[in-house]
Each structure stands twice: as structure tokens, then as C-alpha cells.
Amino acid sequence: MFNLSRYFSTVSFILIVLAAGVLGPLYQKLSLQQMQDLAEGRNLAMAQVVQNSLRDSIEALMSDSVGRDADYLRQSEKARRLQARVLELMQDTDITRVKIYNRLGSTIFSTDSSQIGESRLDNPGFRSAISGALISSLTHRNSIDGHEGSRAEVDVLASYIPIRGHDQSVEGVFELYQNVTPFVAQLQRNMWLVTGGVALVFAALYLMQFLVVRRAQGILEDQEGRIAAARDTLEIQVAARTDELKRTNTQLEGEIVERRQAQSKLNYLAYHDPLTGLSNRRSFIERLDESLRESARRGERLAVLFIDLDQFKQVNDSLGHGVGDELLISVAARLSEHVRLIDMLARLGGDEFICLMEGVRAEGDVETLAGEIIAAFETPFVLGDHELFLSASVGISLSPGDGDSVVDLMRNADTAMYRAKALGRGNFHFYTPEMTRDAQERIRMENLLRRALDNGELSVHLQPQVETSSGRLVGAEALVRWNSPELGLVMPTRFIPLAEDSGLIVGLGNWVLRETCRQFMQWRDSGFDLPQVSVNLSVKQLERPEFIDVLSRILDDTGMDATSLKLELTESVVMAVADSFTLLERLRDLGISLALDDFGTGYSSLSYLKMLPVQQLKIDKSFIDGIGKNSGDEAIIRTVMELARSLDFEVVAEGVETIAQSEFLAGLGCEQLQGHLHGKAVPAPEFRARWSPQP
Ligand code: C2E
Ligand code: MG
Ligand code: MG
């Protein structure tokens, strides 16, 4: 750090030394010059005095000196007198020696007589003076002999002065020695005084200024300290601000990241099915739209595969939505394994999936994929304790051909899927224009069915149920028929699903129930006593909270004995209806019998079955068809028989068409048979005609 005091001290010291060192000697030099001038003047004056007062003697000596030796000059009368006179003049002066040289440089006179006769021709002082110039020189002598004796350590000013004659010509030279020792000593003292004084004054000046400078230094240091402190504070503030900015920055970055994440989550949700993680309907539609344009440009074909699970509704209804959701996730995962990466799989909602296949070269490519999709369901889905057997139906539409727009292709694939479903489980079907006509037909049929009830186009046919061992009539199943003026005779397999989908089934089912009871009572009243009559129930009827009341009113209105009525429910119906146990218990309490229709095709577990207040199991026709052909079907029938026996159920075999089937069933102990072997479903009069006891 810059130290002002130290700097000032150093500079001042140098200046003081310089000032003292320069001023002292300068002063000495000037004083010496002055003193020398003064002394020279005095020497000159003395020489003048000597010359004026002793002119004649000097001139005589000079003229007499020529050719004389030194001794003569020392001993002659004239010389001694001159010496006495000169010494007299020198009395009380500082002149210590006077010498006279003739023009030839010989010392013709000296107050120190030993020097007389010496030649000074080469002396610079003499030479200068002989040429007319006065010259002086100051010298220090260790000792000098004067007329008053010898002296030690003296300063002497020697002046060479020309001696001029009357014509002003230089005739000789005076040399005068003047003792200036006291002056020189005084001068020396003065010089020391001046030097000391200067040094002292400067020192005093320095001291005063030093105080000021030190104070200034203090102020500077103080300021510097404050500046340093301020700088430190500033640095801390800057650091804190930087930190804060960084924090704000990270916070901002965090917020941006969060916003981006939220945005991408929104984007994700907008295009994905949250349950399975597959693309959703919107995503599929956008992709298909893009694909259609791209394929048209490249002249390529593409296929849309509409996939619908065959028994999902039953699973969902019976095992709950939790299991249903898990099943959908598993199905999505399994389907994904079979769909190529370049193709797109999406979930449209519920149990409907859809797949886009691009770059189709031949229908065979699509068939392969559809086959793989169906095969994906061959192994059961294991969810917790449940092992679920599922299948899928696939409808396929191709572009170009089956449509050029997203809407057409999706609708046509959907239509084709319905056809595949109609073929039975686990099938795929390509779309054909005829299907659209069918679909339109469905709509027309639905509209016609709406009117059918009021128009009296419906009727109830009856199919006999006989005792296996005797062939005796034990009951009849009521099966609805629709004789439409526009469509002709329509079988229930065609219009019951339609009625269920449109909700018409409730009114229709209740009508069949009332009509059957009415017919049964009318027969009884007229003497034809049918042991029992069965009526099929739809899940939609059972779901109605007022169902028991409606049923009770029908029984009341027709006077029907509840014990003569049997209600047929499929396993899925029983499982789908909430609180079906209580409901069935209430039906049981009324005295109504219950039969499980299409048994073997559902999922009833043993424990579940055991608790059901059901008396009869109706083995599905599909198993009966397998008798003599399919050992698996036969095994199932055997198992059902054993199960029924152990749980104390009565068994009816449906769709028995041959004696072989009848004998096989009889062999297993199946109590009742129903099928074409014993009679088709026929109108009531025909039934009565066939089965009323002959009188
Ligand atoms: P389902 O209750 O299993 O009725 C048995 C079906 O098998 C009847 O068909 C019957 O005609 C047929 N069938 C019986 N024996 C044989 C046979 O030996 N060979 C062949 N090929 N078929 C046989 P249908 O009458 O067409 O009824 C079909 C289904 O429609 C019924 O199956 C039942 O689920 C439903 N259904 C019929 N009437 C009603 C009704 O009034 N209400 C409700 N909810 N469903 C009904
Ligand atoms: Mg039935
Ligand atoms: Mg059946």
C-alpha cells in the first residue's frame, strides 16, 4: 500500500541533504570569492602604498639589480633600507610577505631575504602579471615564515601585481602574501552555520509538513479502511444478490420445468388413454387422417382393425371394475406385443381397441395380423386369483376400397367386427358393403320392433321339455317369435340382442312373461295341464327395481301359480345384477323355480354356484352338439352331471337332436331333455295339439 508519510520522509530527506549539500558549499564559494576580492584589494592597496612611498628606491634597485648577484642585493645598503621601509609599512597589516621581481623574473627583493635571487620566470602568476594582468591565488600552507616569525596552518592569498613605470609600461612585479586565515576560518564556521541552519529550517519545515502529511495519511488510511469495508459490504451484497438471482433463476427454471412437465402431461393425456397408456381415439384419428393422405400420395394401402373383447362386459359386471381395469391393461400389453412398431394400436374406450396397419401389400398381411391378435387371447389372463378366458373379435376395413375417410374406415371396421362377433368368438372379418346394408337393416329392424309389440306382431312359441327316461312332458320353454309384415318371421337370435341394446327388451320380456302365464292359465282352465313353463329373463329386466312388483302383478293378474313358473337366467345375468342373491331369494320365496341357462359357457365358480337358489342347470346346446364328436364336450357334460349331482341340481340338456345324444345323456343320468328330437318351439295351439293327452 502507498505510504504517504514514508514517501514524504524519503523525498524530504533527500531534499534536505541536497539543499544543505548545495547551499553550504555555494555559500562558501561566494563568501570565499568575496573575501578573496577584498583581500586582493587590500594587497593591491598595499602594493600601491609600497610603490608610491618607495618608488625611487624600487626603481633604483631594479636598475641596479642588473648583473648583480643575490648576495649583493641582500647586503647592499639600498636593499637593507628598502627592507626596513617595507617592514615598517607592513606593520599592523595582515601582509606577511612582499616580494619584487624584475622583468626577467628574478627576485630582486623579499621580506624573506633567503628568497632573493630566485627566478620566477616560469611562474604563471608572474607571467600573467608581467603581461599586465593582476592575479591572486589562495593557498593553505602548513607553515610560513614571515617577518614576525614562522606561523603554522595558515591560509594565504598571494597576489601578483604589475609594477608600472611613468610611461605605464610594466617594469616589474610585486608579489604580496596576505594572511587570510581568520577570514577563512570565519568562512568555514559560517558555512557550517548556514548548512546547519538550512538543515534545521528544512528539518523544521519537514517536521511541520510531516505532521500534516501524517494526519493526511491517517485520514487516507481511515478513508481506505472505510472504502475497504464498503467494498467488502458491497462484495457481500453482490454475492448475496448473485445468490438470490441464481436462486430465482433455479426457481424460475424449476417453474418452467414444472410448467413444461404439466404441459407435456396435458399433451400426453390429450393423446393417450390414461388406463392402458395406449394412444386414445383422438390420437388414432389424427394418425389415420395423416396416414390416409400419405398412403394416397404414395399409392399404398392401409388397414384398420377394430378389436372388441367378446366377454369383457361379463367380467366387468361379475368381478368388478377393478378387475375389469386390470384385465384391460393386460389385454393392451398383450396386444402391443403383436402389433408391429410401425403400426399403431389405440384404445377407443371400454373394451374396444383399434389398430392401424400401414403399407399393406396384400390382404394376407392383414389376415396374419388379425390372426395374431386373436391368437393373443389363447392363453388365459391371470389376475390375482382369477384365471380369465377371453377372446376378441376383429373387424377389418381397407383403404382404398372400404372408404377414403377416417369416419368411413372406422365405421366400416366396426361393422365388420359385429359380423365377426356374429360368427362366434375369436373371429375376424373383412368389411363388405353388404354389412352396411345389414347395419342399416338393424336400424330399420329396431324401428320396426318398436312398433311390433303394439301391432301384435309378437307371439310366444313353446318348446317341450321331456323326462329322459320316459319321454313324458314335464314342461315347456316359452320362446318369443316376431312375425313382421315387412321382414317376415324373425328369430329371437336376431332381434333379442337388438332389443337388449335398445332397451326394448324390458317391455318385450314383460309381455312374453304375461302372455306365457295367460296361455298357461288359459290351458289349465280349458283342461290342458302343463306341469311347468319356463320363461327367459334378460339382465335388463332383472336390473329393474320394480321387477318383483311387475312379476307379482302378472302372477296376480293371470292367476298363475308361482310354482308352475320357471325363470331361465344365464350365469352372466346372475353375476351381472347387483345383489342378485337377495333378488333370487325373493323369487324363490314367491315359489318360482330358477334355471341356469346356457350352462358351461359362463364363469360360475363352484362356491358361487353352491350358494345360488337355483334348482336347474341347462347344459348349453354347443356341448350337446359335440356328443359323439368331441371328447372335450363330452367330458364337460360328464363334469356338469357330477357337479349337479353333488350340489343337488336338476339337469336339462338343450338342443338334443339325435337319439345318440339322448342315449348318451340318459347314460349320464340327465333327467330332462329339450330339443328338436322331442319337438321344436311351436305356436301354442300346435303345442297343445301335440301334447294334450289324447282322450
Ligand atoms: P335359449 O333360451 O337357450 O333357447 C333355446 C334356443 O335353442 C331356442 O332358440 C330354441 O329354438 C333352440 N333350440 C332348442 N332345441 C334345439 C335343437 O334341437 N336344435 C336347434 N338347432 N335349436 C334348438 P330360439 O327360440 O331362437 O331362441 C334363441 C334364444 O333367444 C334363446 O336361447 C333365448 O336366449 C333367447 N330368447 C328367446 N325368447 C326369449 C324371450 O322371450 N325373452 C328373452 N329374454 N330371451 C329370449
Ligand atoms: Mg332359455
Ligand atoms: Mg339356452
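Donors here are N, O and S atoms within 2.8 Å of the metal (3.2 Å for Na, K and Ca), and water is not among the atoms, so sites may look incomplete.

Before you go on, some housekeeping: this is a predicted model, where local features need pLDDT of at least 70 and side-chain atom pairs count only at pLDDT 80 or more, while totals for chains, interfaces and linings use all residues. Residues are numbered from 1 along each chain as its sequence is written, chains are lettered from A and ligands numbered from 1 in the order in which they are written, and side-chain values use heavy atoms, with hydrogens and water left out.

Helices (H or I, at least four residues) and strands (E, at least two) are DSSP runs, numbered from the N terminus. Are E568 and D597 buried or exposed? E568 is buried, at a relative accessible area of 1%, and D597 is buried too, at 7%. Buried means under 20% relative accessible area, exposed over 50%, and partly exposed in between (1.4 Å probe, protein chains only).

Which atoms coordinate the magnesium ion (ligand 3)? They are D597 (OD), D598 (OD), E654 (OE) and E654 (OE), at 2.1 to 2.5 Å. Along the chain these donors follow the spacing D-D-x55-E. Here the pair linking distant parts of the chain is D598 in strand β18 and E654 in strand β20 (residues 650–654), 56 residues apart.

Zoom in on D598. D598 counts as partly exposed at 25% relative accessibility, whereas E654 is buried at 12%. Check the backbone as well: D598 has a positive phi of about 50 degrees although it is not a glycine. Most residues other than glycine have a negative phi.

**Ligand 1 and its shell**

Now select ligand 1 and the 22 residues around it, of which E477, N536, E654, E657 and H676 come nearest. A residue is near a molecule if one of its heavy atoms lies within 4 Å of it. A polar side-chain atom of E654 is 2.8 Å from an oxygen atom of ligand 1, and a side-chain N or O atom of D597 is 2.9 Å from a ligand oxygen. With H676, look at the backbone: a polar atom there lies 2.8 Å from an oxygen atom of ligand 1.

Show a surface next. Ligand 1 has 780 Å² of accessible area on its own, and the protein covers 83% of it; accessible areas come from the Shrake-Rupley method with a 1.4 Å probe, and for residues only the protein chains shown count as cover. Which elements give two or more residues to the shell? Those are β14 (473–484), α12 (492–502) and β18 (593–599), with β14 giving the most, 4 residues.

**Away from the ligands**

Select helix α11 (residues 433–455). At 1.5 Å a residue, its 23 residues should span 33 Å, and its end C-alpha atoms are 32 Å apart, which agrees; the expected span is 1.5 Å times one less than the number of residues. Its buried residues are M435, T436, M445, L448, L449 and A452. Just after α11, G456 takes a positive phi of about 70 degrees.

Jump to S399 and P400, joined by a cis peptide bond with omega of about -5 degrees. P400 is in the loop between β11 (392–399) and α10 (406–423). Most peptide bonds are trans.

Finish at E153, in strand β4 (residues 149–164). E153 has a positive phi of about 45 degrees without being a glycine, and counts as partly exposed at 46% relative accessibility.

How values were computed:
Polar contact = N/O pair within 3.5 Å; in protein donor to acceptor, adjacent residues only side chain to side chain.
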